[in-house]
Amino acid sequence: MKLNQPEESEREQPKALNHQQALALAMRIHQRREFDDAEQVYKRILETWPDSPDAWHYYGMLEFQRDNEKEGIAAVRKAIELHPPYFDAHANLGNMLLTVGRVQEAAHHLNRALTIKPDAMQPRVALSVMLRVLKRIDEAEAMIRPALDLEEGRNSAAVHNSIANVLAVQERTDEAIEHFRRAHELNPDLDNTRARLAFILAYTGKLEEAASLFARRLTQAPDDAEAKHMLAACGGAPVPDRASDSYVRNTFDGFANSFDAKLESLEYRAPELIARAIELAIGASHRSLKVLDAGCGTGLLGVLIRPSCARLIGVDLSPGMMRKAKDRKVYDELHEAELTAYLQNKSAIYDVVTSADTLCYIGAIDEVCKAAQGALKPDGWFFFSVEHGLSQSDDYAIQFHGRYAHTRKYVEDCLKGAGFPNIEIVEDTLRTELGKPVPGLIVAAQRGA
């Protein structure tokens, strides 16, 4: 096989390569995250050796990394067809399928991987996560416990993080903290371990220790948007009026692939509650609405309200989330923008503005209410959700997990001040957090004529 690309970065390569040499070249390029070049080399390898399980496997991993989920999954399946006892392919395919929420298929491949290598850590961790998501908590613990009997497991951040999450759901907080601490020692950047440890420390009243995690992070990376925001959330810095664009973008880009599956595990209800509020306020028979979904995320609300829309526009800060929204094919337009700034540049053009579980990243919501009012046509509607600050004295307060909670009176005052005379607010549960309900406010506000 002759590979002349990429010559600039691989001057040492011979022009004629055998199968293993070609794979090694592709993997080097892949590991440098030169994805376009790696794709070219993998495709050339597959043209020459179409029955290579390794080439199909690595090519599939590349495509999945590039958010080409269908192509990635199909390629790894092809590797397994060519070599059924291929442990790495089963394990990685299981993780891919779990990431996109295809739980039963994921379980099949993860269990197959564990059958091939009973002492392997990766499939055991993934199966434990899956069982926890399915709320089969005892089984999740039973799956991960044997890993701690092995030296590799005892020194694995992923294993400690996994069992800590299982223990946290059971409110065995002291044990969970012990394992989160160990996971953080081994690898502080694994699966947001620092944030999970800080969350449970704060949940148990150890706010000072939680804050210290983010303060230490800022000494290493002063521009870390998450550490800045979460330090304030834990009481270690002044509270901003809203989360920074960088924090929101990075947070949601970081788990765009697993967002829907993650929210399903939390019994996330905000989109359906807002869709119901729209139906009650406007009626299900409307088919002519021009709607802006502000903070559209992956499009969970868009799917529910599309039948009522003549035109549906989505806006979000996260490119990763918008790629997922685009895949749903329910939006006529998608724009990468901060929602308040976007609304401020629109004047009386929408029948409806929606925002599901997005204003919880904004403390002072007066400006967004004014912006929404200005963007709506006369008699237009603004529907949104916020977390309900039931016992707080402040109008809005940042919580230790980084989201803001708002009092009902503050929400009403902001809307009235912005020019919404007709306001309906319903209290309901938005999701669960550590197995407990998160109270919310579902808001329907109509601007004047």
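Reader: How do you know that the span of helix α17 (residues 270–282) agrees with its 13 residues?

Author: This is a predicted model, in which local features need pLDDT of at least 70 and side-chain atom pairs count only at pLDDT 80 or more, while totals for chains, interfaces and linings use all residues. Residues are numbered from 1 along each chain as its sequence is written, and side-chain values use heavy atoms, with hydrogens and water left out. The expected span is 1.5 Å times one less than the number of residues, so α17 should span 18 Å, and its end C-alpha atoms are 18 Å apart, which agrees.

Reader: Why is S128 called buried?

Author: Buried means under 20% relative accessible area, with a 1.4 Å probe and protein chains only; S128 has 1%, and is therefore buried. S128 lies in helix α7 (residues 121–133), and, leaving aside residues up to four places away in sequence, S128 touches A140, M143, I144, S162 and V166, where contact means heavy atoms within 4.5 Å.

Reader: What makes α21 and α22 oblique to each other?

Author: Helix α21 (residues 366–375) and helix α22 (residues 408–418) pack at about 40 degrees, with their axes 8 Å apart. Angles under 35 degrees count as roughly parallel, over 145 as roughly antiparallel, 65 to 115 as roughly perpendicular and the rest as oblique, and α21 and α22 are therefore oblique. In this pairing, D366, C369, K370 and Q373 of α21 meet Y410, C414, L415 and A418 of α22.

Notes: Axes fitted to C-alpha atoms, helices over the stretch in contact; angles between N-to-C directions. Helix = DSSP H or I, 4+ residues; strand = E, 2+ residues; numbered from the N terminus. Buried < 20%, exposed > 50% of the residue type's maximum accessible area, 1.4 Å probe, protein only.
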